[in-house]
Amino acid sequence: MKFTRKEIDKLEHLKKINLINSISGIKPANLIGTKSDIGQPNLAIISSVVHLGSAPPLFGFIMRPTEDVPRHTYENIKQTGYYTINHVNESLIEKGHYTSAKFDREVSEFERCNIEDEYLDNFHAPFVKDSSVKIGLKLVEELPIAINGTIMIIGEVQIIDISDDCLMDGYHLDLSKIGGVGISGLNSYYGLNKLLDLPYARPAETPVWDD
């Protein structure tokens, strides 16, 4: 099925959201952990985390518009400057999904969704204890995206905690060994299976394919 831009704009709101959120393919499923300056914890599932560089180690994620709807994750990051990114594994799918509900400010998603928190090395923001890949970050920049009011939050890695089960030779991660999860659209979750390891791509070593 083919859609022109005019046809996309005419779609029913939910159908358009589902279509546009799905066509980018499988996205990483992560839980963003924060805590306000008065100690109120928050946890939110995010599917937009992206690696931005390794020296310094930077990651970004997209925060939806904050003007009309309170975004507790954003408020906490702005107040304190710290947050965590925690991989969702198969055991966390259902509980993690419901952190996207619009709970009141005083409600902790950790408690309401029965997800255990964890604090590492006196880092301000909470981690998800049952996550196999945990990253603690410090806010370094936010980039407003004017056309739709979203914001890219950019953080520099301060601490990494990884399950030994998935750390391979050369420090690659095998996410299939820890039940890693991806998201398509708003609410479809997929398991991850490693299909192939390939060498670093160099022009002289690139194969020639006949088909």
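Which residues does G182 touch, not counting residues up to four places away in sequence? In this predicted model, the residues that G182 touches are I26, K27, A29, S188, Y189, Y190 and L192. G182 itself belongs to strand β11, which covers residues 181–184. Because its relative accessibility is 1%, G182 counts as buried; the cut-off for that term is under 20% relative accessible area.

From G182 the reader may turn to K78. These two residues are separated by 104 residues in sequence, and their C-alpha atoms lie 27 Å apart in space.

The next element to consider is helix α3, formed by residues 72–80. Its buried residues are H72, T73, Y74, N76, I77 and T80. An α-helix has 3.6 residues a turn, so residues three or four places apart point the same way. The buried residues of α3 pack against several strands, namely β2 (30–35), β3 (41–46), β5 (57–63), β6 (82–87), β9 (133–145) and β10 (150–162). After α3 comes G81, and the phi of this glycine is positive, near 85°.

T99 counts as buried because its relative accessibility is 3%. Apart from neighbours within four places in sequence, the contacts of T99 are L31, L43, A44, I45, E109, C113 and I115.

Key. Residues numbered from 1 in each chain as written. Predicted model: local features only at pLDDT ≥ 70, side-chain atom pairs only at ≥ 80, totals over all residues. Heavy atoms only, no water. Buried < 20%, exposed > 50% of the residue type's maximum accessible area, 1.4 Å probe, protein only. Helix = DSSP H or I, 4+ residues; strand = E, 2+ residues; numbered from the N terminus. Contact = heavy atoms within 4.5 Å.
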